[in-house]
Amino acid sequence: MDSLEKKGPIVRLGPNDISINCVEGGIKTVYSGGFEKPNWYPNVFFNFGATNMFSMKSGKQHSVQKRMISNVYSKSYLQSSHELHSIAEKIMYTRYLPLLESLATSKTPIDVHELNFAVTMDTINAYIFGLNNSSNFIEDVKTRQYLLHEYQCRRPYIFYDQELPGLTTIFSRFGINLVPKWVDQASKTIEDFCMKMCNAARCSIESGTNLSPENTPTVYKMLYQSFAPHKSDAPSISNPHDDPTLRIASELLDQLAAGHETSGISATYAIYSLSQNASLQSALRKELLTLSPPISYPPQIQNNTQTLPSPRAIDALPLLHAILMETLRLYAPIPGPQPRETPYTGVSLAGSPPLPGGVRVSAQAYSLHRNADVFPEPEVWKPERWLATEGEGKEGRDRREEMGRWFWAFGSGGRMCVGSNFAMQEMKLLLATIYSNYSTHLVDASRIEMRDAYTTGPEGNRLIVQFKLT
């Protein structure tokens, strides 16, 4: 970041490594221009020994698989999905709100960081596999803590396979393991967790029974149908690792991993920031109470069901949107680099001399989001920067449009996060559920600073908060 501030929007980090920090001639060229992914991705992000969209190097291969599921992650589909709405109602009214009510009435603080992971894990898993086939981390604390530990304990060792794969291989030939054996066992535990849900979802589909909306394995079903052997356009099996069962499981493990972790981290920092601003909490609650029906506990009953407001109504709330956008700007859950390789024909970036093919080039949300010309006082959490003001005119609209061009929490181009709309809808509902009913107050925010990692989070891996009835 210091080098980019001092030397401009393009900096050479190493003999074959470039960092960019601009839109024109930078992320617009690299991430919308067909630059392919390097081995940095498949070296780490394989599951079950099989590829998935995130680890695919080829843009064409990625496009084929993306078409299989992009529809069920589109904003219009998600906002009108009866399945997702039913899932949200069940999770919020039968699991999450009863827990928050108990915590608030008993005045018991809780680690909201871990709880956020529980909510986001249960939500993404239910949408992928169906509610009955998926997790219940909100209520099953023992399983939640065990599996989250197995998932997170591997994090410090990703660096070696990503940045030093050759050295890691050489050392292993001499019996020196830079990555401990127990990391593989932890990965196997997470794979088993995912495969169990895959098998349950497959049984649900093949049973031929009519499934209730919340128990429909929406995402799994799309991949199951796309990989069906009888389909003429089904992916070919050239080796055992291309087995459809493993390809589906690899893709869905990547989705549940990214889908729970990034949203959980963002929710933690939104709650942390709001908990330091009582007046903003009050303003948010006032906005949330305009929803019809409100998100209340005990819930309002309509037609013998516990009903949430429509996702479109929640999405349209300007203050809630501004709070989340500012949290994603300042506390991007993946602040690290997103490497690509320059094409073999060579290219010039950000006014540089021509770069040869095969050079690693990357941008990162952390740096893009701290351009003081676009985001004045970039280190200050200011949701109001995203709000339209009365009579602001063209200058204000242009300012917010420019911020949108530099906003990169989900990446950009054809390989940006396929679940970005799901994440926004999920996080808005989570925050709306909390602040419609409770206020939050910091109990222990020590080591809340973001750790230096590709996927980040609090240094202390926790945030202790108390919920109070409003």
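The side chains of N133 and S204 are joined by a polar contact of 3.0 Å. A polar contact is a pair of N or O atoms within 3.5 Å; within protein, one must be able to donate a hydrogen and the other to accept it, and residues adjacent in sequence count only if both atoms are side-chain atoms. This is a predicted model: local features need pLDDT of at least 70, side-chain atom pairs count only at pLDDT 80 or more, and totals for chains, interfaces and linings use all residues. Residues are numbered from 1 along each chain as its sequence is written, and side-chain values use heavy atoms, without hydrogens and water.

N133 sits in the loop between α6 and α7. N133 is buried, at 13% relative accessible area (buried: under 20%, 1.4 Å probe, protein chains only). Neighbours within four places in sequence aside, N133 contacts M197, A200, A201, S204 and N215 (contact: heavy atoms within 4.5 Å).

Helices α13 and α18 have axes that come within 9 Å and cross at roughly 100°. The two are therefore roughly perpendicular (65 to 115 degrees). Their contact residues divide into 5 nonpolar, 1 polar and 1 charged.

| Helix | Residues | Contact residues |
|---|---|---|
| α13 | 278-288 | Q281, L284, R285, L288 |
| α18 | 420-435 | L431, A432, Y435 |

An open sheet of 3 strands runs in the order β3-β9-β8, with antiparallel pairing. Strands pair if DSSP finds at least two bridges between them. The edge strands are β3 (110-111) and β8 (438-444). β3 pairs with β9 (residues 464-469) over 2 bridges. D111 has I464 in β9 as its bridge partner.

Note on methods. Helix = DSSP H or I, 4+ residues; strand = E, 2+ residues; numbered from the N terminus. Axes fitted to C-alpha atoms, helices over the stretch in contact; angles between N-to-C directions. Parallel < 35°, antiparallel > 145°, perpendicular 65-115°, else oblique. Nonpolar A, V, L, I, M, F, W, Y, C, P; charged D, E, K, R; others polar. Buried < 20%, exposed > 50% of the residue type's maximum accessible area, 1.4 Å probe, protein only.
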